[in-house]
Amino acid sequence: MEADISKLLPGQIMTVEWRGKPVWIVHRTPAMLAALKQAEPHLADPGSTRPQQPDYAANECRSIKPEIMVAVGICTHLGCSPTEKFRPGAAQGMPADWPGGFFCPCHGSQFDLAGRVFKNMPAPTNLEIPSHTYLADTRLLIGEDGKSA
Ligand code: FES
């Protein structure tokens, strides 16, 4: 599945379908990247130690390029689709100390802007990061990691 991200502006999200699943691509702003650090003390698995991402996304941003997040948009609890709550604070009905991220309305799981789940949520793990690689600066290939033939 190829995705053209040339029109994805900082702060925006686009969704593509891959194998019947929604895959989110988010162009994170510097403020959104800073929010990842802010969220860390409140996360269940901030280092993403469980294998929910390929090796090349096992870093603090869970991505190949820090500014581009790629994640499967399916809650790891019972498979609902979380909604984006990118604005920090209470503006989108979240707690005042909300750093920005995603909220699953089904049972209330919260995820940060790298798809990492907050502590004490129904969702047991961080969101899945699919295999992906860059064919060009603004062209992503979802489902391949560039290593296999
Ligand atoms: S399916 Fe997301 S919290 Fe239950």
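## Exercises on a predicted model

Cys80 is partly exposed, at a relative accessible area of 23%. The model is predicted. The exercises begin with the cysteines and then turn to a sheet.

**Exercise 1. Classify Cys80, Cys106, Cys75 and Cys104 as buried, partly exposed or exposed.**

Step 1. Set the cut-offs. Buried means under 20% relative accessible area, and exposed means over 50%. Partly exposed lies in between.

Step 2. Take Cys80. Its value is 23%, so Cys80 is partly exposed.

Step 3. Take Cys106. Its relative accessibility is 35%, so Cys106 is partly exposed.

Step 4. Take Cys75. Its value is 4%, so Cys75 is buried.

Step 5. Take Cys104. Its value is 2%, so Cys104 is buried.

**Exercise 2. Find the disulfide, place its two ends and give its handedness.**

Step 1. Recall the bond. A disulfide covalently links the sulfur atoms of two cysteines.

Step 2. Apply the cut-off. A pair of cysteine sulfur atoms within 2.5 Å counts. Cys80 and Cys106 have an S to S distance of 2.2 Å, so they form a disulfide. The count comes to one disulfide.

Step 3. Cys80 sits in the loop between strand 4 (68-72) and strand 5 (83-85). Cys106 sits in the loop between strand 6 (101-103) and strand 7 (110-112). The two cysteines are 26 residues apart, and the pair links distant parts of the chain.

Step 4. Read the torsion. About the S-S bond of Cys80 and Cys106 it is about -115°, so the disulfide is left-handed.

**Exercise 3. Work out the order of the three-stranded sheet, and state which strands stand at its edges.**

Step 1. Write the order. The sheet is open, its three strands run 1-9-8, and the pairing is antiparallel.

Step 2. Pick out the edges. Strand 1 (2-4) and strand 8 (132-136) each have a single partner strand, so one side of each lacks a neighbour in the sheet.

Step 3. Look at one pair. Strand 8 and strand 9 (residues 139-142) run antiparallel and are joined by four bridges. Thr133 stands opposite Leu141 in strand 9.

Conventions. Residues are numbered from 1 along each chain as its sequence is written. This is a predicted model: local features need pLDDT of at least 70, side-chain atom pairs count only at pLDDT 80 or more; totals for chains, interfaces and linings use all residues. Side-chain values use heavy atoms; hydrogens and water are left out. Two strands pair if DSSP finds at least two bridges between them. Buried means under 20% relative accessible area, exposed over 50%, partly exposed in between (1.4 Å probe, protein chains only).
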